[in-house]
Amino acid sequence: AKAMTDSKTLETIDVVDLSPDILDMNRIVYPDPAEHPLRDPRVHVHVEDGRYLLQTTDRRFDLITGEPPPPGIAGVEHLYSREYFTLMRERLAQGGIATYWLPLSDLTDVSAGAIVRAFCNAFTDCSLWNGAGAHLMMVGTRDAAGPVSGEDFVRQWRDPIVAAEMRRLGLEQPEQLGALFIGDADYLR
């Protein structure tokens, strides 16, 4: 949520979590009310299952990002299934983007391969990116139209708040983002 609220161009941000306790942790992580992402007027908090929210809304989203608990916890495996990834794609606006956490440290090679396959079955333009440590990020779109302009791509590095976070993550220049790319849909298949 904090990364989203740092981007001032976003008009509305929906945050969904099943646990009010997890949402309440924001007070500890961001004790300064001015920095607390859930207090941003653009944020709408939903205390419910993200899958249920997507099943019951007819809204379309420009971005859906998921960081659920790792598979292995009761019920969580549904959040790593082809059916769920397909539901995410259906709820994206035309050209929308989905990103999804892949916690390799909690998966066997077979499980990780099955999750990537399920994601790529839903998103034909799937790609895989390095994250932090043994964590990867899967990315797919709903028929995004080709590459963005260079100007659009570097815009985030010109925003002082976002640029500071990018530097903190080791991405001082836009070109460094390419170093995180692992493979596209053909590679993953």
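User: Which residues does Tyr100 touch, not counting residues up to four places away in sequence?
Analyst: This is a predicted model. In it, Tyr100 touches Gly66, Pro68, Leu79, Tyr80, Tyr84, Phe85, Met88, Phe119, Leu136, Met137 and Met138.

User: And which rings are in a cluster with Tyr100?
Analyst: Ring pairs link Tyr100 with Tyr80, Tyr84, Phe85, Phe119 and Phe123.

User: How many aromatic pairs does the structure hold?
Analyst: Eight. One of them is Phe85 with Phe119: the ring centres are 5.1 Å apart and the planes stand at 75°, so this pair is edge-to-face.

User: Where do Phe85 and Phe119 lie?
Analyst: Phe85 is in helix H5 and Phe119 in helix H6, so the pair ties together parts that are 34 residues apart in sequence.

User: Buried or exposed, Phe85? And Phe119?
Analyst: Phe85 counts as buried, at 0% relative accessibility. Phe119 is buried too, with a relative accessible area of 1%.

User: What about Trp129 and Phe181, how are their rings arranged?
Analyst: They form an edge-to-face pair, 5.0 Å centre to centre with 70° between the planes. Trp129 sits in strand S5 and Phe181 in strand S7, 52 residues apart, so the pair links distant parts of the chain.

User: Are those two buried, exposed or partly exposed?
Analyst: Trp129 is partly exposed, with a relative accessible area of 23%. Phe181 is also partly exposed, and its value is 37%.

User: Switching to the sheet. What is the strand order?
Analyst: It is an open sheet of five strands, ordered S3-S4-S6-S5-S7, and the pairing is mixed. S3 (61–66) and S7 (181–183) stand at the edges with a single partner strand each, so one side of each has no neighbour in the sheet. On average, neighbouring strands are turned by 25° against each other, direction ignored.

User: How many bridges join S5 to S7?
Analyst: Two bridges, and the strands run antiparallel. S5 covers residues 127–130. Within this pairing, Trp129 stands opposite Phe181.

User: Which strands does helix H5 lie across?
Analyst: H5 (residues 82–91) lies across S3, S4 (92–103) and S6 (135–141), and runs at about 150° to S4. Helix H6 (residues 109–122) also packs on the sheet, where it touches S4 and S6. The direction of H6 makes about 15° with that of S6.

User: Last one, Asp40. Where is its place?
Analyst: Asp40 is in the loop between helix H3 (26–29) and strand S2 (43–47). At 14% relative accessibility, Asp40 counts as buried, because the cut-off for that is under 20%.

User: What lies 2.8 Å from a polar atom of the Asp40 side chain?
Analyst: The backbone nitrogen of Arg42.

Conventions
Residues are numbered from 1 along each chain as its sequence is written. This is a predicted model: local features need pLDDT of at least 70, side-chain atom pairs count only at pLDDT 80 or more; totals for chains, interfaces and linings use all residues. Side-chain values use heavy atoms; hydrogens and water are left out. Two strands pair if DSSP finds at least two bridges between them. Helices (H or I, at least four residues) and strands (E, at least two) are DSSP runs, numbered from the N terminus. Axes are lines fitted to C-alpha atoms, for helices over the stretch in contact, and angles run from 0 to 180 degrees between N-to-C directions. Contact means heavy atoms within 4.5 Å. Rings of Phe, Tyr and Trp (its six-membered ring) pair if their centres lie within 6.5 Å; planes under 30 degrees apart count as stacked, over 60 as edge-to-face and the rest as tilted. Buried means under 20% relative accessible area, exposed over 50%, partly exposed in between (1.4 Å probe, protein chains only). A polar contact is a pair of N or O atoms within 3.5 Å; within protein, one must be able to donate a hydrogen and the other to accept it, and residues adjacent in sequence count only if both atoms are side-chain atoms.
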